[in-house]
Amino acid sequence: MGHYWDWDLWLRAYRAGFPFRYLPGPNVGVRVHGENQSYGANLKERRKDLEALMAKHGLAGIALKDHLQLALTAL
């Protein structure tokens with residue numbers, strides 16, 4: 001799953017019946033720097049990996065996102 005191994009893990013755990021809970025509020029911190037794997041430099045490879053994840057799990061309409069752009073939007 002390349003860049004989306006963690007998404008694959010969570011989707012497989014959910015489908016296996018592991019319980020999940022919603023926790024309101026911000027629950028994740030992301031350090032943004034020029035070497036981030038989800039930064040624009042790996043766009044082609046990340047798009048291919050995301051398409052493979054969507055195909056494997058029967059998902060559609062997931063937009064490719066960039067942590068830097070998400071962080072700047074949140075400011």
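**Group meeting: helix H2 and its link to H1**

Hi everyone, let me start with the packing: the buried residues of H2 make their contacts with H1, where contact means heavy atoms within 4.5 Å. Helices here (H or I, at least four residues) are DSSP runs, numbered from the N terminus. This is a predicted model, in which local features need pLDDT of at least 70 and side-chain atom pairs count only at pLDDT 80 or more, while totals for chains, interfaces and linings use all residues. Residues are numbered from 1 along each chain as its sequence is written, and side-chain values use heavy atoms, with hydrogens and water left out.

So which residues of H2 are buried? They are Arg-46, Asp-49, Leu-50, Leu-53, Met-54 and His-57; buried means under 20% relative accessible area, exposed over 50%, and partly exposed in between, with a 1.4 Å probe and protein chains only. Looking down the axis of H2, these buried residues fall within an arc of 140°, so they line one face of the helix. That arc is taken over the directions from the helix axis to the C-beta atoms. Turn to the other side of H2 and you find Lys-44, Lys-48 and Ala-55 exposed.

A quick geometry check, for those of you who like one. H2 has 15 residues, and at 1.5 Å a residue it should span 21 Å; the end C-alpha atoms are 21 Å apart, which agrees. The expected span is 1.5 Å times one less than the number of residues. After H2 comes Gly-58, with a positive phi near 65°.

Now to the charged side chains. How many salt bridges does the structure hold? There are two, counting a side-chain nitrogen of Lys or Arg within 4 Å of a carboxyl oxygen of Asp or Glu. One joins Asp-8 to Arg-12, at 3.0 Å from N to O. Those two residues sit four apart in helix H1 (residues 5-15), so about one helical turn separates them.

Asp-8 also forms a salt bridge with Lys-56, with the closest N and O atoms 3.1 Å apart. That pair links distant parts of the chain, 48 residues apart, with Asp-8 in H1 and Lys-56 in H2 (residues 43-57).

As for accessibility, Asp-8 is buried at 6%, whereas Arg-12 is partly exposed at 43% and Lys-56 is partly exposed at 47%. Put together, Asp-8, Arg-12 and Lys-56 are linked in a network of salt bridges.
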